[in-house]
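Please consult the sequence and structure shown here.

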Amino acid sequence: QPDPDAQSQPTGQLRTPIVAVLGHVDHGKTTLLDTIRGSAVTEGEAGAITQHIGSTAVPLSVISDIAGKLVDPDDFDLPGLLFIDTPGHHSFSTLRSRGGALADIAILVVDVNDGFQPQTLEALDILKRTQTPFVVAANKADTVPGWNPGDTEPIQQAIERQNDRVESDLNEKLYEIIGKLSDNGFSADMYWRVQNFQNNIGVVPLSAMTGEGIPDLLTVLMGLSQRFLKAEMSIDVGGPGAGTVLEVTEERGFGTTLDAIIYDGTIREDDQIVVGGVNEPIVTEVRALLKPKPLSEIRTEKEFETVEEIAAADGVKIAAPDLDDAMAGAPIRVVRDQDLDDVIADVRKELAEIEVQTEEEGVTVKADTLGSLEAISGTLEDEEIPIMHAEVGDVAPRDVRMAATADDPKHQAILAFGVDILDDARRLAEQEDVDIFEDDVIYQLVEDYDEHVTAIETAQQDQILENITRPARFEILPDHTFRQSDPAVVGVEVLGGKLRRNVNVGRFENGEFERVGHLKTIQDEGEDVDESTRGDRVAVSIEGPTVGRQIKEGETLWVEIPEKHAKILEQELKEDITGGEREVLKQYLDTHRKRDPFWGK
Ligand code: GDP
C-alpha cells in the first residue's frame with residue numbers, strides 16, 4: 001500500500017517544513033497541538049491528516065480549509081506543515097539535522113496572562129542560537145475577563161465580537177509581550193502589522209482552547225515557510241534519506257527500534273543505514289519501516305503497518321538489527337550511491353560537532369540525548385562552569401567514580417538531565433560524597449547546582465574564618481592580677497576586635513612587635529568562654545610572662561597576627577569580619593608598616 005504522503009509530495013521537489021512548539025510549562029503547547037490536530041479532523045479531512053511517528057502532518061488543503069479566506073492555496077507550493085508532537089525546547093534541542101535544529105520553524109507559546117517566564121526566555125535563547133524563524137502564539141486570549149468565546153475562526157472576527165474594554169485589556173497584554181520580545185533583542189509587532197517577517201517577529205493572539213486565532217497561526221506559519229524556507233525545502237526526494245533519531249524504543253516483535261524523523265531524501269526497506277551510536281557509528285540494514293495504523297484501526301492487534309518507503313519530511317519507526325547502542329538525537333543516513341566509509345565519516349563528523357568541550361577539571365554531565373547534552377553544556381559555558389566529562393545515558397557507578405576524581409569539591413557533582421540514576425550509582429555517590437542534581441529543566445538544574453556551589457563556598461569561608469587569627473586589642477586592668485605567673489591570670493578589658501583564646505599576645509616596641517606570651521584561656525564570671533568582644537571585662541590566663549616584669553597592669557596588648565593571616569584578612573576577608581575587627585586590623589597593619597611598608601602585602 002502506498003504511503004498517502006508520498007502522493008501529497010508534489011512531484012517530489014519541495015518537502016514539508018518541520019514545525020516545533022516551544023514555551024513555558026502550562027502556557028498551552030500541548031493544547032495548541034491538540035487543537036491543530038482536532039481542527040484538521042473537524043474540517044472533515046480526517047483521512048488527509050495522518051498520525052505519524054512523533055509528528056502530525058497537516059497538508060496544505062486542510063490548512064486552507066481551516067484558514068478559509070486567509071489562505072489561497074494557489075499562493076503556496078509547499079505541501080503543508082509537519083508538527084513535531086513533543087513540544088518543549090528539550091525536544092527542540094534534541095531534534096537536530098545537519099548543522100542545526102531539525103525544526104525549520106517554531107511557535108513560541110506565551111500565556112497572555114502569565115507573560116514571559118524562565119522557559120520562555122530559555123526558548124528564545126535557543127531560537128536565537130539556532131537562528132530558527134518563529135512566530136509568537138499569544139495564547140489564552142479567551143481568559144481576558146469578559147471574553148465572549150467563539151470557535152475556530154480568524155482572530156479579527158473574534159475580537160470584533162468583544163466589547164471595547166475586553167479588546168483594550170487584550171491589547172495591553174499583547175503589548176507587554178511585544179515589549180518583552182524587544183527587551184530580548186527581537187523587534188516584534190502584531191502579525192497583521194508585520195511587513196517583513198525576516199526582521200520582525202509576528203505575534204498572533206489566539207486561544208488554543210477555543211480555536212480562535214488558529215487560522216491566523218497556520219496562515220502565518222505557511223506564509224513564513226513559503227517566503228523564507230522555500231530554498232531549504234527543496235530536496236531530492238529520490239536521494240538517500242537523512243534523518244534524526246527521536247527515541248530508541250523496544251517494540252514487541254521488532255526488538256530495539258528507532259523512532260525517527262526523516263528530513264531529507266527517501267528511506268526504503270532493505271536500505272543500508274548508518275546510525276550514530278554510543279561508541280561508534282552503527283552500520284545496519286532496514287528490516288521494516290513502520291507507521292501507526294489509521295486511528296480507526298488502532299484497536300486491531302497490530303498497532304503498526306509496514307510501508308516500503310518514506311520520503312522527507314515524515315516520521316517513521318525503523319526496525320533493524322544492532323540498534324541497542326543507538327542514541328536519541330543521533331543522525332541516520334541511508335547509504336545509496338555512496339561509499340559506506342564516506343557515510344560513516346559523515347556521521348562521525350556530525351557527532352563530533354555535537355560533542356561537548358571538556359576540561360581537565362569540572363563537573364560531570366549526563367543527559368538523555370546529544371541535543372540536550374549540547375544545550376546544557378552551552379548553558380554551563382555561559383555560567384563559566386567547567387565540564388570534565390559529558391555523555392548521553394543514565395548515571396552509572398563509573399560516572400560517580402569519574403566525578404569523584406575532581407579536585408575541587410564543587411566539581412564532585414553530576415548534573416543529570418532527563419536520565420535515570422541507577423541504584424548502585426546512588427549508593428556509591430553517597431559513599432564517595434558526590435552530589436547528584438537531577439531535573440528535566442535546564443535552568444532549574446543549573447540553578448540547583450549554583451545554590452550548592454554557594455553553600456560550599458560559604459562553608460569554606462566560614463572554615464577559613466574559623467582558623468584565622470582575629471585582630472584584637474585589650475588593656476590589663478589595674479588591681480586585677482589574680483595570679484603573678486605560670487600562667488599569669490589578669491583581668492582585662494577588650495578595647496577592640498574579637499579576643500579569642502589560644503593566641504599569642506604582645507606589644508609594639510619601637511614599632512616592632514614583641515611577643516610576651518600565649519593567651520590560653522578566657523573566663524567570664526568564672527565560666528570558660530572562647531571569645532570576647534569590645535567592652536567585655538574578662539579574666540585571661542597568659543603563659544610566659546610574670547605580671548610586674550614582662551607585662552604591667554594598665555598596659556595595652558595586641559593579639560599577634562601572623563603575616564600570612566594579616567594578608568588574607570586584609571585582602572580576602574575584609575567584608576567577613578566585624579567593623580571593630582577591621583579597625584584593630586588597620587591599626588595593627590599601620591603600626592607594622594611604619595617600619596616595613598610592605599608588611600602583610
Ligand atoms: P503545556 O504545559 O504548555 O503543554 O500546557 P497545556 O497545553 O497542558 O495547558 C496547560 C493548561 O492551560 C491546561 O489546563 C489547558 O487546558 C489550559 N489552556 C491551554 N490553552 C488554553 C487557552 O487557550 N485558554 C484557556 N482558557 N486555557 C488554556
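This is a predicted model: local features need pLDDT of at least 70, side-chain atom pairs count only at pLDDT 80 or more; totals for chains, interfaces and linings use all residues.

Q: What makes strand E19 mostly covered?
A: Six of the six residues of E19 (residues 314-319) are buried. A residue is buried if 20 or more other C-beta atoms, placed from the backbone, lie within 10 Å of its own; it is exposed if 12 or fewer do, and partly exposed in between. Asp314, Val316 and Ile318 point one way from the strand, Gly315, Lys317 and Ala319 point the other way, and all are buried. Strands (E, at least two residues) and helices (H or I, at least four) are DSSP runs, numbered from the N terminus.

Q: Which bridges link strand E16 to E19?
A: Three bridges join E16 (residues 288-292) to E19, and the two strands run antiparallel. Leu289 has Ile318 in E19 as its bridge partner.

Q: In what order do the eight strands of the open sheet lie?
A: The order is E15-E14-E20-E11-E12-E19-E16-E17, with antiparallel pairing.

Q: What makes E15 and E17 the edge strands?
A: Strand E15 (282-285) and strand E17 (304-307) each pair on one side only. Within the sheet, four bridges join E14 (residues 272-275) to E20 (residues 331-335), and Ile273 stands opposite Val334 in E20.

Q: How does the length of helix H7 compare with the expected span?
A: H7 (residues 164-183) has 20 residues and reaches 28 Å from its first C-alpha to its last, close to the 28 Å expected. The expected span is 1.5 Å times one less than the number of residues.

Q: Why are the buried residues of H7 said to line one face?
A: Leu170, Lys173, Leu174, Ile177 and Leu181 are buried in H7. Seen down the helix axis, the buried residues fall within an arc of 95°, so they line one face of the helix. The arc is that of the directions from the helix axis to the C-beta atoms. On the other side, Asp164, Arg165, Ser168, Glu172 and Asp183 are exposed.

Q: What covers the buried residues of H7?
A: The cover includes strands E7 (105-111), E8 (134-139), E9 (188-190) and E10 (201-205). Just after H7, Gly185 takes a positive phi of about 90°.

Q: Which residues are buried in helix H14, and what do they pack against?
A: Ile442, Leu445, Val446 and Tyr449 are buried in H14. The buried residues pack against helices H5 (118-130) and H11 (370-382) and strands E23 (413-417) and E24 (435-439).

Q: How confident is the predictor in the protein chain?
A: The mean pLDDT, the predictor's confidence in each residue from 0 to 100, is 89, and 93% of the residues reach 70 or more. Over residues 1-11, however, pLDDT stays under 50.

Notes: Residues are numbered from 1 along each chain as its sequence is written. Two residues are in contact if their C-beta atoms, placed from the backbone, lie within 7 Å. Two strands pair if DSSP finds at least two bridges between them.
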